[in-house]
Amino acid sequence: MEQGLNMGEWDNESGWVNGQFALDARLGIAVPRLTLPWERLSREKRAAVLEKWESIRGRIPDRIAGFEERIRKKQLELSEEEDFAESCRLNSEIAELASRINDLNIWYRTEQDFEEETRRHG
């Protein structure tokens with residue numbers, strides 16, 4: 001526990017940090033949804049957001065691997081599919097999974113943006 005905070009203050013701080021993120025069901029991770037502009041956050045709040053984001057960000061490679069596995073399975077199905085409409089459906093699903101991977105890669109690189117903003121304004 002952070003020095004100088006009693007348990008109630010710590011719970012409020014933890015709740016505030018959790019409130020800065022919202023679950024993106026499509027990606028399967030919580031993404032930043034800051035309630036204030038980054039530059040208006042105190043150094044401590046920025047650090048708390050970065051710490052929370054780092055724990056979320058660390059799960060992104062596993063999410064990507066899961067989507068890649070689903071793509072491989074659908075590609076196998078597609079290679080054996082003879083029905084045109086079903087092939088189109090599988091192609092569409094593969095494209096959607098690939099789009100999720102792309103979005104996750106963008107979020108994975110977002111930490112660099114947070115850190116740059118912190119150095120610039122901190």
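Reply: A residue is called buried if its relative accessible area is under 20%, exposed if over 50% and partly exposed in between (1.4 Å probe, protein chains only). The model is predicted, so local features need pLDDT of at least 70 and side-chain atom pairs count only at pLDDT 80 or more, whereas totals for chains, interfaces and linings use all residues. Residues are numbered from 1 along each chain as its sequence is written, and side-chain values use heavy atoms, with hydrogens and water left out.

Rings of Phe, Tyr and Trp (its six-membered ring) pair if their centres lie within 6.5 Å; planes under 30 degrees apart count as stacked, over 60 as edge-to-face and the rest as tilted. Together with Trp107, Phe21 and Trp53 make up one aromatic cluster.

On the strand side, S1 and strand S2 (residues 29-32) run antiparallel and are joined by four bridges; two strands pair if DSSP finds at least two bridges between them. Phe21 has Pro32 of S2 as its bridge partner. Four residues lie between the strands of this hairpin, in which Gly28 takes a positive phi near 80 degrees.

On the helix side, the 15 residues of H2 reach 20 Å from first C-alpha to last, close to the expected 21 Å (1.5 Å times one less than the number of residues). Besides Trp53, the buried residues of H2 include Val49, Leu50, Ile56 and Arg57. Arg57 also lies over the face of Tyr108, 4.0 Å from the ring centre. Such a charge sits over a ring if NZ of Lys or CZ of Arg is within 6 Å of the ring centre and within 35 degrees of the ring normal. In a further case, the charged end of Lys45 sits over the ring of Trp16, 4.2 Å from its centre.

Elsewhere, Ile71 lies in helix H3 (residues 60-80) and is buried, with a relative accessible area of 12%. Leaving aside neighbours within four places in sequence, Ile71 is in contact (heavy atoms within 4.5 Å) with Ile94, Leu97, Ala98 and Ile101. Ile71 and Glu93, 22 residues apart in sequence, are 8.2 Å apart in space, C-alpha to C-alpha. Ser87, in helix H4 (residues 84-121), is buried at 14% relative accessibility. With neighbours within four places again left aside, Ser87 contacts Leu78 and Glu81.

As for the whole, the protein chain has four helices and two strands, in the order α-β-β-α-α-α along the sequence. Of its 122 residues, 28% are buried. Among contacts between residues at least 6 apart in sequence, 60% join residues at least 24 apart. The accessible surface comes to about 8,100 Å², 49% of which belongs to carbon and sulfur atoms; these areas come from the Shrake-Rupley method with a 1.4 Å probe, and for residues only the protein chains shown count as cover.
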